[in-house]
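Reader: Please present the model, and then let us discuss its salt bridges and its pocket.

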Amino acid sequence: MTNLIEDRDTNSNNINILPCTFCHYLYEEIKSQKKYQKFDEIIKKQNMKIREVCLEKKIDFIDFEKIIPNDKKFYLDNIHFSEDGMKLFSYNLKNKIIEIL
């Protein structure tokens, strides 16, 4: 992540990146399982690092972890969005791209 962001200043192809935090849902049947607890811990650390680097470097990013509610309505399983989740995801992605342009 840090390398991608640092390389953007020397980007000869004018390719912009838009970092995003990762969101997921730990539904009742899996939230007590150690592997999913570890998964949750890793994602939280990754998201903290994304926020930290982007804020430090003054880079636009989308904080989907905060935007997409932690509610089963928005997920088919622990990581894949439902139709409602995809609508919310795409709406926020589109608006951020328009804001940046």
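Author: At 15% relative accessibility, Lys 96 counts as buried, since buried means under 20% relative accessible area, exposed over 50% and partly exposed in between (1.4 Å probe, protein chains only). This is a predicted model, in which local features need pLDDT of at least 70 and side-chain atom pairs count only at pLDDT 80 or more, while totals for chains, interfaces and linings use all residues. Residues are numbered from 1 along each chain as its sequence is written, and side-chain values use heavy atoms, with hydrogens and water left out.

Reader: With which residue does Lys 96 form a salt bridge?

Author: A salt bridge is a side-chain nitrogen of Lys or Arg within 4 Å of a carboxyl oxygen of Asp or Glu. For Lys 96, the closest N and O atoms of the pair are 3.7 Å apart. The pair links distant parts of the chain, 36 residues apart: Lys 96 is in helix H4 and its partner in the loop between H2 and H3, where helices are DSSP runs (H or I, at least four residues) and strands likewise (E, at least two), numbered from the N terminus. The partner is Asp 60.

Reader: Is Asp 60 buried or partly exposed, and at what relative accessible area?

Author: Asp 60 is among the residues closest to the centre of the largest pocket. Asp 60 is classed as partly exposed because its relative accessible area is 38%.

Reader: Which parts does the salt bridge between Arg 51 and Glu 65 tie together?

Author: In this salt bridge the closest N and O atoms are 2.4 Å apart. Arg 51 lies in helix H2 (residues 34-57) and Glu 65 in helix H3 (residues 64-67), so the pair ties together parts that are 14 residues apart in sequence. The parts are thus helices H2 and H3.

Reader: Which residues does Asn 92 touch, not counting residues up to four places away in sequence?

Author: Asn 92 lies in helix H4 (residues 83-100) and is buried, with a relative accessible area of 19%. With contact meaning heavy atoms within 4.5 Å, Asn 92 touches Ile 62, Phe 64 and Ile 67.

Key. On a 1 Å grid over the protein atoms alone, a cavity is a set of points where a 1.4 Å probe fits but cannot get out, and a pocket is an open set with protein on both sides within 12 Å along at least five of seven lines; lining residues have an atom within 4 Å of a point.
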